[in-house]
Amino acid sequence: MLNTTVWNRWRYSLYAPVYDAVAQRTFARARRRSLNQVCWQSGMKVLLVGAGTGLDLPWLPRDLEIHASDLCPAMVKRLKDRACRLGIDVEARTMDAERLDYADNSFDVVVMHLILAVMPDPAKGLAEAHRVLKGDGQLCVMDKFQSDERPSGLARRGLNLLTSAIATDITRQARPLLDQAGFVIEQDTPVMMGSLFRALIAAKADHAEPRPAKPRPDEPQPEEPRPAESRPAEPGPTEHQSG
Ligand SMILES: C[S@@+](CC[C@H](N)C(=O)[O-])C[C@H]1O[C@@H](n2cnc3c(N)ncnc32)[C@H](O)[C@@H]1O
């Protein structure tokens, strides 16, 4: 199977210049709905893992301490440029999600958007997310997953040989992965292409306490302002995005 970290670094360096053209509009709504599921509080420390070009940044609330990391320097450079354009303070670093250079129990929220299906070993990425997340922290995942109830059939596994090499794994199951990493899923919402793409909020199993329920992200949201290149008072787009 051609899905290794070395290969991912190489291919995402190649994809970086065109990534926004492909992913910005496509995932805008799913990413907004995913981030809306987080119980945000002012001053929270958040880590974006496999942050890419920073397409999550416009959808984050104000008053967070934002850290971001990605395997590819080309992605990190674009993320820094975006943060600069948006006037957002972000501590961005090149880093492998399998070996995060952050202290244990240091983040209130860890966001993993479209990376668990890309990494060759998502269990290692989740183990690291678990380590750096505070006891009462929230893991926010948005990705494509095979149904938890039904493992992939032969045809899907065959197709996966191709998709995992050039884009993404299509056979991964969210619940077993998160269970094994010591997480409890608190929210699980289909956000795109039926239930192929799901937005999950998970807590550390050994600290899980009921959190106040948030409205489902598919409930009507207030109209969001679209000021150009300035940070929103509430989560909302600050760059031209559809969704
Ligand atoms: C599909 S993109 C998603 C980017 C971003 N999270 C988003 O939602 O637009 C996958 C990203 O994961 C990064 N990546 C792949 N393997 C990684 C690893 N082992 N550690 C950190 N980042 C990784 C790639 O460089 C790429 O930026």
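In which loop does P61 lie? P61 lies in the loop between β1 (45-49) and β2 (65-70), where helices (H or I, at least four residues) and strands (E, at least two) are DSSP runs numbered from the N terminus. This is a predicted model, in which local features need pLDDT of at least 70 and side-chain atom pairs count only at pLDDT 80 or more, whereas totals for chains, interfaces and linings use all residues. Residues are numbered from 1 along each chain as its sequence is written.

**Overall architecture**

- The protein has five helices and seven strands, and these follow one another along the sequence in the pattern α-β-β-α-β-β-α-β-α-α-β-β.
- Of the 243 residues in the protein, 39% are buried; a residue is buried if 20 or more other C-beta atoms lie within 10 Å of its own, exposed if 12 or fewer, and partly exposed in between, with C-beta atoms placed from the backbone.
- Among contacts between residues at least 6 apart in sequence, 71% join residues at least 24 apart, a contact being two residues whose C-beta atoms, placed from the backbone, lie within 7 Å.

**Ligand shell**

- The ligand has 20 residues around it, of which Y12, G50, G52, L71 and A97 come nearest; a residue is near a molecule or strand if its C-beta atom, placed from the backbone, lies within 6 Å of it.
- Helix α1 (residues 5-36) gives the most to this shell, with four residues.
- By class, the shell holds 12 nonpolar, five polar and three charged residues, where Ala, Val, Leu, Ile, Met, Phe, Trp, Tyr, Cys and Pro count as nonpolar, Asp, Glu, Lys and Arg as charged, and the others, Gly among them, as polar.

**Strand pairing**

- Strand β5 (residues 133-144) is mostly covered, since nine of its 12 residues are buried.
- Strands β4 (residues 107-113) and β5 run parallel and are joined by six bridges, with F107 having L133 in β5 as its bridge partner; two strands pair if DSSP finds at least two bridges between them.
- Together with helix α3 (residues 122-132), β4 and β5 make a right-handed β-α-β unit, right-handed meaning that, with the strands pointing away from the viewer, the path from the first strand over the helix to the second runs clockwise.
- Strand β7 (residues 197-204) runs antiparallel to β5 and is joined to β5 by six bridges, and K144 stands opposite F197 in β7.
- Strand β6 (residues 183-192) pairs with β7 in the antiparallel sense over eight bridges, and D188 stands opposite L200 in β7.

**Nonpolar core**

- In the largest nonpolar core, which has 58 residues, V49, V110 and V111 touch the most other members; such a core is a set of buried Ala, Val, Leu, Ile, Met, Phe, Trp, Tyr and Cys residues joined through C-beta atoms within 7 Å.
- The largest share of this core, six residues, comes from β7.
- Apart from its neighbours within four places in sequence, V49 is in contact with residues including A97, V110, V111 and M112.

**Loop residues**

- P61 is partly exposed because 18 other C-beta atoms lie within 10 Å, and P61 and Q41, which are 20 residues apart in sequence, are 8.8 Å apart in space, C-alpha to C-alpha.
- L114, in the loop between β4 and α3, has a positive phi near 55° although this residue is not glycine, and L114 is buried because 20 other C-beta atoms lie within 10 Å.
- M193, in the turn of the β6-β7 hairpin, which has four residues between its strands, also has a positive phi, near 50°, but M193 is exposed because 9 other C-beta atoms lie within 10 Å.
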